[in-house]
Amino acid sequence: MKPLLWVIVLLAIWNLITFFQMGLDKRKAVKGKKRISEKTLLISAFVMGAAGSGAGMLVFHHKTKKWKFRILVPVALVFNLAVCILIGYLM
């Protein structure tokens, strides 16, 4: 398999993980259980998982009123796109 295809597959898997991470945290919030920290959720977004985190926010209606997430998840998405463009340019 070509390296670029591996990167795309890994990014897709990671974004699915960050998507379901938002859903899991929402479920834990509703049930009053121990939650995933905001720091972990945001770091996951900045480490190439912003698309999944953003989609999870919208689908699960989770963290949509928190200013940190309303600002930092789109910033993370721009950062993720910049990294992808840089990698594409270097290849």
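The protein chain has three helices and zero strands, in the order α-α-α. Helices (H or I, at least four residues) and strands (E, at least two) are DSSP runs, numbered from the N terminus. This is a predicted model, in which local features need pLDDT of at least 70 and side-chain atom pairs count only at pLDDT 80 or more, while totals for chains, interfaces and linings use all residues. Residues are numbered from 1 along each chain as its sequence is written, and side-chain values use heavy atoms, with hydrogens and water left out.

The C-alpha trace spans about 45 × 25 × 20 Å along its principal axes. Of the 91 residues, 30% count as buried. Buried means under 20% relative accessible area, exposed over 50%, partly exposed in between (1.4 Å probe, protein chains only). The chain exposes about 6400 Å², and carbon and sulfur atoms supply 75% of it.

**Helix packing**

Helix α2 (residues 38-60) packs on helix α3 (residues 67-90) at about 80 degrees, with the axes 8 Å apart. The two are therefore roughly perpendicular, a label for angles of 65 to 115 degrees. Contact (heavy atoms within 4.5 Å) involves, among others, Leu41, Phe46 and Met57 of α2 and Phe69, Leu72 and Phe79 of α3.

**Salt bridges**

The whole structure holds four salt bridges. Each is a side-chain nitrogen of Lys or Arg within 4 Å of a carboxyl oxygen of Asp or Glu.

Salt bridges with shared partners join Glu38, Lys63, Lys66 and Lys68 into one network. Glu38 and Lys63 are both buried. Lys68 is partly exposed, at 32% relative accessible area. In the remaining tabulated pair, Asp25 is buried at 0%, whereas Arg35 is partly exposed at 37%.

**Nonpolar patch**

A nonpolar surface patch covers about 1200 Å², with Trp6, Ile13, Ile87 and Met91 among its residues. Patch residues have over 30% relative accessible area and no salt bridge; nonpolar side chains (Val, Leu, Ile, Met, Phe, Trp, Tyr) are joined within 5 Å, like charges within 9 Å. Helix α1 (residues 3-31) gives the most, with nine residues. Ile13 lies in this helix and is partly exposed, at 44%.

Methods. Accessible areas come from the Shrake-Rupley method with a 1.4 Å probe; for residues, only the protein chains shown count as cover. Axes are lines fitted to C-alpha atoms, for helices over the stretch in contact, and angles run from 0 to 180 degrees between N-to-C directions. Angles under 35 degrees count as roughly parallel, over 145 as roughly antiparallel, 65 to 115 as roughly perpendicular and the rest as oblique.
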